[in-house]
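This briefing concerns a single protein chain and its predicted model. The points below are grouped by topic and may be read alongside the structure.

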Amino acid sequence: MNDLIADFLAQKCIAVVGVSRTGNDFSNEVYRKLRDAGYQVYAVNPNVDEIDGETCYRRLSAIPETIDGVMITTAPAITEQIVHECADLGIRRVWMHRSFGQGSYSAEAESFCKGQNISVIPAGCPMMFCDPVDFGHKCIRWFMKVTGGLPK
């Protein structure tokens with residue numbers, strides 16, 4: 001899992017699917033963290049035109065650049081749709097946000113990714129790994145490792 005995470009975070013252009021229209025959701029925090037860490041990051045939500053003063057795209061296919069990886073922060077049923085769009089667009093890296101509970105994880109989406117040769121991270125959050133990691137996310141990462149919430 002560490003290799004998959006390192007590979008994902010080594011990319012330059014990442015889309016965050018599921019940013020909130022209110023701007024106060026964990027998905028928006030992930031978007032901001034990646035943006036502030038120097039990534040070219042694109043927000044995706046079919047119901048929003050702008051997030052933090054930047055364009056929000058309605059679909060991955062609307063992004064005017066080749067996407068290296070997709071961070072999914074949606075409901076699991078939407079995750080399945082997103083991974084199919086990733087396959088259609090040739091996107092080879094997917095991360096399903098999941099800390100406690102179901103998160104964005106979908107077993108069907110994970111299986112689909114593996115069948116399409118898409119690297120898939122089925123749990124965790126980039127904020128637990130993207131430097132600098134705040135104390136709260138260090139604690140969450142430790143807890144998830146100890147309890148088996150992060151696959152090996």
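Helix α4 presents an outward face, turned away from its buried side, that carries the exposed residues Glu108, Lys114 and Gly115. The buried residues of this helix are Ala109, Glu110, Phe112 and Cys113.

**Helix α4 and its surroundings**

- The buried residues of α4 pack against α3, β6 and β7 (119-121).
- An α-helix has 3.6 residues a turn, so residues three or four places apart point the same way.
- Asn117 follows α4 and has a positive phi, near 60°.

- Asn117 is a residue other than glycine, yet its phi is positive, near 60°.
- Asn117 is placed in the loop between α4 and β7.
- With a relative accessibility of 65%, Asn117 counts as exposed, because the cut-off for that class is over 50%.
- Asp52, likewise not a glycine, has a positive phi of about 55°.
- The loop that holds Asp52 runs between β3 (50-51) and β4 (54-57).
- Asp52 has a relative accessibility of 36% and therefore counts as partly exposed.

**Nonpolar cores**

- The largest nonpolar core has 24 residues, of which Leu60, Ile63, Ile67, Val70 and Val94 touch the most other members.
- At least two residues of this core are supplied by each of β1 (13-17), β2 (40-44), β5 (69-72), α3 (76-89), β6 (93-96) and α4 (107-115).
- Helix α3 provides the largest share of this core, with 4 residues.
- Another core, of 23 residues, lies apart from the largest one and includes Phe8, Val16, Val41 and Trp95.

**Contacts of Val94**

- Which residues is Val94 in contact with, leaving aside its neighbours within four places in sequence?
- The contacts of Val94 beyond those neighbours are Phe8, Val70, Ile72, Val83, Cys86, Cys113, Ile118, Ser119, Val120 and Ile121.
- Val94 is also among the residues that touch the most other members of the largest nonpolar core.
- Cys113, one of these contacts, is a buried residue of α4.

**Largest pocket**

- The largest pocket holds about 220 Å³ of space.
- The pocket is lined by 13 residues, and those closest to its centre are Val17, Pro46, Arg58, Ile78 and Ile82.
- Helix α3 contributes 4 residues, the largest share of the lining.
- By class, the lining comprises 6 nonpolar, 4 polar and 3 charged residues.

**Overall architecture**

- The protein contains 5 helices and 7 strands.
- Along the sequence, these elements follow the pattern α-β-α-β-β-β-β-α-β-α-β-α.
- Of the 152 residues in the protein, 49% are buried.
- Among contacts between residues at least 6 apart in sequence, 65% join residues at least 24 apart.

Terms used. Residues are numbered from 1 along each chain as its sequence is written. This is a predicted model: local features need pLDDT of at least 70, side-chain atom pairs count only at pLDDT 80 or more; totals for chains, interfaces and linings use all residues. Side-chain values use heavy atoms; hydrogens and water are left out. A nonpolar core is a set of buried Ala, Val, Leu, Ile, Met, Phe, Trp, Tyr and Cys residues joined through side-chain atoms within 4.5 Å. Buried means under 20% relative accessible area, exposed over 50%, partly exposed in between (1.4 Å probe, protein chains only). Contact means heavy atoms within 4.5 Å. On a 1 Å grid over the protein atoms alone, a cavity is a set of points where a 1.4 Å probe fits but cannot get out, and a pocket is an open set with protein on both sides within 12 Å along at least five of seven lines; lining residues have an atom within 4 Å of a point. Grid points are joined across faces, edges and corners, and a volume is the space filled by probe spheres set on the points. Ala, Val, Leu, Ile, Met, Phe, Trp, Tyr, Cys and Pro count as nonpolar, Asp, Glu, Lys and Arg as charged, and the others, Gly among them, as polar.
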